[in-house]
Amino acid sequence: SAGVRLAREAVEDSPVYVAGSVGPLGVPLGDEITEPEARELFAQHIGCLIDNGVDLIILETFTDPRELALALAVARGINTSFPVAALAVFDEQGQARGGLTPEDTVKLLEPLSPSMAGINCRLGADAVVPLLVRMRAVTDLPLGVMPNSGTPRVVEDRDIYLSTPEFMAEYARRAIQSAGVRMVGGCCGTTP
C-alpha cells in the first residue's frame, strides 16, 4: 500500500503508469506450498495492488510457467479486464522450469487472457530476441521484454553488468522490429 502511494506521489501530474510488480513465491509449487496456499498469497498481493490504485500488474521473474499461469488465473479471478503482463524467465537453452519452451509458455498463458506475454530477467537483451521471435511465431498477444543488462561478471562478490545503454537500445530496436514487441524495459543491471 505504501509503495503504491509513494509511486503515485512521485508521478503526480505526469503522464506515466504505475505498475504493481508480482513475482514468484520462492518455493516450488507442491513442495513447500500447496496450490490453494499459493492462490491465497497471490490474491492478497494482487488485490492489494489493485485496491491501492496501480494501473497495471506485471507478473515477472517467474522461472516456472505453471506458477506464472496460476498467478495470472488469480489476477483474472479478481478482475477479468485489468491489464496484466505475464513475463517468464528462460535459461540459455531457451527453457523454463520443467523444460517448457517460450512456445509452450505462451500456449499455457493464452487461455488466461494476459494483456501481454513476454520475457524478463536472467538473460541479456541479445539472448532474449530469438526467444521473442519464437513466441511471436505462435501468438498474436502483445509481447513485452525486460532483459538484464547483459551477463554479469562477479567482481568482489558483486554482480557487475558491463552493457551500455547503446547495447540495450540496439536490442530493444531488434525486439521491436523482429518480434513486434510493445513494451520494453530492463531488469538486473539496468538503470534509468
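**Figure 1. Ala-75 in helix 3.** Ala-75 is found in helix 3, which spans residues 65-78, in this predicted model. With a relative accessible area of 2%, Ala-75 is buried, because buried means under 20% relative accessible area. Not counting residues up to four places away in sequence, Ala-75 touches Ile-46 and Val-84. Asp-13 is 62 residues from Ala-75 in sequence, and the two C-alpha atoms are 28 Å apart in space.

Figure 2. Six strands form an open sheet with parallel pairing, in the order 1-2-3-4-5-8. Strand 1 (19-22) and strand 8 (183-184) are the edge strands, each pairing on one side only. Strand 3 (residues 84-88) and strand 4 (residues 116-124) run parallel and are joined by four bridges. The bridge partner of Ala-88 in strand 4 is Ile-119. Helix 5 (residues 125-136) packs on the sheet, where it touches strand 4 and strand 5 (143-148). The direction of helix 5 makes about 155 degrees with that of strand 4.

**Figure 3. Ser-163 and its contacts.** Ser-163 lies in the loop between strand 7 (158-160) and helix 6 (165-179). Its relative accessibility is 24%, so Ser-163 counts as partly exposed. Leaving aside neighbours within four places in sequence, Ser-163 is in contact with Ser-149 and Gly-150. A polar atom of the Ser-163 side chain lies 3.0 Å from the backbone oxygen of Ser-149. The backbone nitrogen of Gly-150 lies 3.4 Å from a polar atom of the Ser-163 side chain.

**Figure 4. The salt bridge between Glu-92 and Arg-122.** The structure holds nine salt bridges. Side chains of opposite charge can pair when their charged atoms come close. In the salt bridge between Glu-92 and Arg-122, the closest N and O atoms are 3.4 Å apart. This pair links distant parts of the chain, 30 residues apart: Glu-92 is in the loop between strand 3 and helix 4 (102-109), and Arg-122 is in strand 4. Glu-92 counts as exposed at 55% relative accessibility, whereas Arg-122 is partly exposed, with a relative accessible area of 45%.

**Figure 5. Charged side chains in helix 6.** Arg-174 and Glu-170 meet through their side chains in a salt bridge (2.9 Å, N to O). These residues are separated by about one helical turn, because they are four residues apart in helix 6. Arg-174 counts as partly exposed at 37% relative accessibility, and Glu-170 is partly exposed, with a relative accessible area of 29%. Salt bridges that share partners join Glu-170, Arg-173 and Arg-174 into one network.

Definitions and conventions
Residues numbered from 1 in each chain as written. Predicted model: local features only at pLDDT ≥ 70, side-chain atom pairs only at ≥ 80, totals over all residues. Heavy atoms only, no water. Pairing = 2+ DSSP bridges. Helix = DSSP H or I, 4+ residues; strand = E, 2+ residues; numbered from the N terminus. Contact = heavy atoms within 4.5 Å. Axes fitted to C-alpha atoms, helices over the stretch in contact; angles between N-to-C directions. Buried < 20%, exposed > 50% of the residue type's maximum accessible area, 1.4 Å probe, protein only. Polar contact = N/O pair within 3.5 Å; in protein donor to acceptor, adjacent residues only side chain to side chain. Salt bridge = Lys/Arg side-chain N within 4 Å of Asp/Glu carboxyl O.
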